[in-house]
Every structure is written in structure tokens, then in C-alpha cells.
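Here are my notes on this model, written as numbered points. Keep the viewer open while you read, and take the points one at a time.

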Amino acid sequence: MTPRPSGPVGVLATLLVAVLLGSALLLGLGALLAPAGATGEKCDSDTTVSSQARQAAAVFTGSVVSSSAERRSGGQRGVDLTHQVAVDLVYKGTSRITDIEVEVMTTRSSGGCDLGRLQDGTTYVFFVSADPDTEGVFVAAGDSGTAASDAALLREVEDIFPNPKPPVAAEPPSAEFERLELDEPTPLTRALAPGAALVLIGTLGLVLARRLGRH
């Protein structure tokens with residue numbers, strides 16, 4: 001049996017072991033309790049910004065106005081978060097981003113790589129896909145490239161899409177008129193013929209009546 005160290009050395013060794021065990025315990029609890037992507041930080045990915053931009057249905061900058069959470073349906077764990085985003089500039093997908101404010105959905109779950117809740121008042125660069133179930137709603141996945149806007153990220157995006165534009169409202173559908181088939185106009189002489197014939201008959205009748213009256 002190995003004798004335990006005594007004196008100041010033994011006390012120091014005991015304290016060191018306790019500190020190490022306590023740190024390991026705190027780190028483990030932190031990993032269990034911290035929600036995945038709760039602050040809206042992008043997940044680690046080797047995918048380049050160019051690839052993420054190519055895969056996205058739309059790329060734009062915008063500030064988060066507000067957000068709401070709802071438990072995921074279909075027995076899935078976690079919550080779906082819907083963010084109201086005030087759009088600033090559209091780099092890709094101008095035909096899709098036609099409002100100055102759009103809805104962007106993210107997910108927060110107990111595992112995987114999710115963006116979680118984005119911070120209100122913060123400007124992000126959004127790489128989104130279209131929600132297949134709801135028209136006009138977009139989805140930002142954890143590995144989409146969506147992240148808080150900074151000079152380096154904007155420079156990469158602007159190298160790919162150098163001419164961003166503010167959102168433009170879609171033009172209302174133009175009115176369509178049905179062409180009616182019209183008959184050829186009746187010539188004036190043909191239109192007056194029946195009336196002229198009646199006048200002639202009436203005149204001849206009067207003349208005949210006067211002659212008969214004289215006899």
C-alpha cells in the first residue's frame with residue numbers, strides 16, 4: 001500500500017486533484033445545459049462562402065426585429081424559432097425577397113448543429129432556403145453560412161455578388177383584356193335601303209290615292 005504524502009506537499013496535491021475534478025465536472029455540466037447554437041453563431045464548417053452562396057435560394061443582409069418560439073411538431077425534440085427580419089440589401093434572390101420584412105426560421109434542438117435564436121437588433125448575413133410548406137418564409141440552417149455580419153464576411157459576399165439591391169416589391173399582375181370579335185360594319189347604303197324603300201312605297205301610295213280621288 002503506497003503511503004499518502006503528508007505535510008504541505010500532501011495538502012497541495014489534494015487541493016490540485018480537487019480543482020481538476022471540479023473543473024471537469026463544471027465543463028461537463030456546461031456541455032449538457034448549454035442549448036445548441038443558442039446565440040445564433042454559425043456552426044463550424046469547411047464549406048466555403050462561395051459554396052454556401054451557390055446552394056442558397058437567397059442571400060441578403062438584415063436586422064432581426066423580433067422572434068417567437070414554438071415546439072417542433074411530429075414528435076421532434078427542440079423548438080422552431082421564427083424571426084421577423086428587416087431586409088437591408090439583397091445579394092441573391094431578388095425575385096424571392098420582395099418585402100422589406102421577411103420571416104426566417106431557425107431551429108434549436110438538443111443535438112446537431114443549429115443556429116438557435118438570433119439576437120434582436122443584430123444584423124446578419126442570411127443564406128437561406130425557401131420553406132417548402134409556407135410561401136414567403138425562409139429557413140436558415142445551422143450550416144447554411146448565416147452569421148452575424150462583419151467586414152470579412154461582407155467582403156466575401158460582395159466579391160461573389162458585387163451589385164446588391166434593396167428589396168423591391170413585386171409588380172401587381174397586369175390586367176388582361178379579352179378581344180371581342182366584331183362583325184363588319186354595315187355599309188351606309190345598305191343600312192338606308194329599307195327606309196328608302198318604305199318612303200318610296202308611301203309616296204307612290206299617296207300619288208295613287210290622289211288619282212283615285214279625282215275620278
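1. Before going on, a word on what you're looking at. This is a predicted model, where local features need pLDDT of at least 70 and side-chain atom pairs pLDDT 80 or more, while totals for chains, interfaces and linings use all residues. Residues are numbered from 1 along each chain as its sequence is written, and side-chain values use heavy atoms, with hydrogens and water left out.

2. Now the overall layout. The chain has 4 helices and 6 strands (DSSP runs numbered from the N terminus: H or I of at least four residues for helices, E of at least two for strands). Reading along the sequence gives α-α-β-β-β-β-β-β-α-α.

3. How do the strands line up? Strand 1 (residues 58–71) runs antiparallel to strand 2 (residues 79–92), and 12 bridges join them; strands count as paired if DSSP finds at least two bridges between them. Thr61 stands opposite Leu89 of strand 2 in this pairing. Strand 2 is also antiparallel to strand 3, with 8 bridges, and there His83 stands opposite Val104.

4. Strand 4 has several partners to look for. 6 bridges join strand 4 to strand 1, again antiparallel, with Gly62 partnered by Tyr124. Strand 4 also pairs with strand 6 (residues 147–148) in the antiparallel sense over 2 bridges, where Val125 has Ala147 as its bridge partner.

5. Strand 4 and strand 5 form a hairpin with 6 residues between the strands, and in it Gly136 takes a positive phi near 85 degrees.

6. Back to the largest pocket, which has a volume of about 250 Å³. Of its 14 lining residues, the closest to the centre are Arg96, Glu135, Gly136, Val137 and Phe138. A pocket here is an open set of points on a 1 Å grid over the protein atoms alone where a 1.4 Å probe fits, with protein on both sides within 12 Å along at least five of seven lines; lining residues have an atom within 4 Å of a point. The volume is the space filled by probe spheres set on the points, which are joined across faces, edges and corners.

7. What is that lining made of, by class? It has 4 nonpolar, 4 polar and 6 charged residues (Ala, Val, Leu, Ile, Met, Phe, Trp, Tyr, Cys and Pro count as nonpolar, Asp, Glu, Lys and Arg as charged, the others, Gly among them, as polar).

8. The second largest pocket holds about 160 Å³ of space. Its lining includes Gln52, Phe127, Ser129, Val139 and Asp143. Helix 2 (49–55) and strand 4 (123–130) each give two or more residues, and strand 4 gives the most, with 3. By class, this lining has 6 nonpolar, 4 polar and 1 charged residues.

9. Finally, the chain as a whole. Of its 215 residues, 24% count as buried (under 20% relative accessible area, with a 1.4 Å probe and protein chains only). Residues 24 or more positions apart make up 69% of the contacts with a separation of 6 or more, a contact being heavy atoms within 4.5 Å.

Notes: Buried < 20%, exposed > 50% of the residue type's maximum accessible area, 1.4 Å probe, protein only.
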